[in-house]
Amino acid sequence: GGGYGYTGTGGTGGTGGLYGGGGGGGGYATNQGSGTAGAQGIIVITYAPRTTLSKPPNNLGLVGYWSFDDGTGTHVTDFSGNGRSGTLIGASGSQTTTFLTSGTSWTVPSDWNSSNNTIEVIGGGGGGFAAGGDGPSGGGGGGYSKITNLTLTPGGSATYQVGAGGGAGAPPSAGGDTYFNGASLAASSVGAKGGSAGTSNKTAP
């Protein structure tokens, strides 16, 4: 929030974090400082791409055949019929990360791995109370939630909403909810509430 000054003008509220931060409240004074808007929410999708190789039509004299498409774990199956399954040691796969900050629908990639993914959501921050309030407060930060190994169909679509940051004002507005894979927060696979709006305390600090 802005700095306190009993006379003069209160300081301007601090800016909310890059994603999901609540807006600062204007500092209390004879002339209150300005509040600031909350930051918008975000959805972060991280997954290890699934690689699928075609199994040979027959053994073809292969000593061993490992498709490496198990998705998780360190066990690799030998499909040659020779029983040479093994264990990976010291292996690490690449990951793909997508940031959703706008839009309403996401197309599931063809290499989506339902056994190795994380989806994180942050709600929009609430707006700070602007000039005109006594002892104004900043808005609340947006909530956070996470889900792992969400089953999605490659090529399908997932509906989502990215919560907008609440506007500063007297009164300000709350931040919007952020959710993924559903038409509402309650119906989604993972979601986070927006931050509450700042208030006026009606008394000097």
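User: Trp106: buried or exposed, and how do you know that?

Analyst: Trp106 has a relative accessible area of 9%. Buried means under 20% relative accessible area, exposed over 50% and partly exposed in between, with a 1.4 Å probe and protein chains only, so Trp106 is buried. Keep in mind that this is a predicted model, where local features need pLDDT of at least 70, side-chain atom pairs count only at pLDDT 80 or more, and totals for chains, interfaces and linings use all residues. Residues are numbered from 1 along each chain as its sequence is written, and side-chain values use heavy atoms, with hydrogens and water left out.

User: Which residues does Trp106 touch, not counting residues up to four places away in sequence?

Analyst: Contact means heavy atoms within 4.5 Å. Trp106 touches Ile45, Thr98, Leu100, Trp112, Leu152, Gly156, Ser157, Ala158, Tyr160 and Phe180, with residues up to four places away left out.

User: What makes Trp106 and Trp112 an edge-to-face pair?

Analyst: Rings of Phe, Tyr and Trp (its six-membered ring) pair if their centres lie within 6.5 Å; planes under 30 degrees apart count as stacked, over 60 as edge-to-face and the rest as tilted. The structure holds 3 aromatic pairs. Tyr47 and Trp112 make one of them, at 5.0 Å centre to centre and 50 degrees between the planes, which is tilted. Trp106 and Trp112 lie 5.7 Å centre to centre with 75 degrees between the planes, and that angle is edge-to-face.

User: Where in the chain do Tyr47 and Trp112 sit?

Analyst: Tyr47 is in strand β1 and Trp112 in the loop between β5 (105-107) and β6, 65 residues apart, so their pair links distant parts of the chain. Helices (H or I, at least four residues) and strands (E, at least two) are DSSP runs, numbered from the N terminus. Both Tyr47 and Trp112 are buried; Trp112 has 3% relative accessibility. One aromatic cluster takes in Tyr47, Trp106, Trp112 and Phe180.

User: Why is β1 called largely enclosed?

Analyst: In β1 (residues 42-47), 6 of the 6 residues are buried, so the rest of the structure largely encloses this strand. Ile42, Val44 and Thr46 are buried on one side, and Ile43, Ile45 and Tyr47 on the other, which leaves both faces covered.

User: What makes β4 and β6 partners of β1?

Analyst: Two strands pair if DSSP finds at least two bridges between them. β1 and β6 (residues 117-122) have 6 bridges, while β1 and β4 (residues 96-100) have 5 bridges; both pairings are antiparallel. In β6, Glu120 is the bridge partner of Val44 and Ile119 that of Ile45, whereas Tyr47 stands opposite Thr96 in β4.

User: Why are β4 and β7 said to stand at the edges?

Analyst: The 4 strands of this open, antiparallel sheet come in the order β4-β1-β6-β7. β4 and β7 (144-148) have a single partner strand each, so one side of each is left without a neighbour in the sheet.

User: Which residues have the most contacts inside the largest nonpolar core?

Analyst: A nonpolar core is a set of buried Ala, Val, Leu, Ile, Met, Phe, Trp, Tyr and Cys residues joined through side-chain atoms within 4.5 Å. The largest one here has 17 residues, and those with the most contacts inside it are Ile43, Ile45, Trp106, Trp112, Ile119 and Phe180. At least two residues come from each of β1, β6, β8 (157-161) and β10 (190-192). The strand that gives the most is β1, with 3 residues. In soluble globular proteins, nonpolar side chains tend to be buried together.

User: How do you know that Gly165 is partly exposed?

Analyst: Gly165 has 30% relative accessibility, a value that counts as partly exposed. This glycine is found in the loop between β8 and β9 (178-180). Gly165 and Gln40 are 125 residues apart in sequence, yet 4.1 Å apart in space, C-alpha to C-alpha. Beyond four places in sequence, Gly165 touches Gly38, Ala39, Gln40, Gly125 and Gly175.

User: How many helices and strands does the protein chain have?

Analyst: The protein chain has 0 helices and 10 strands. Of its 205 residues, 38% are buried. Among contacts between residues at least 6 apart in sequence, 61% join residues at least 24 apart.
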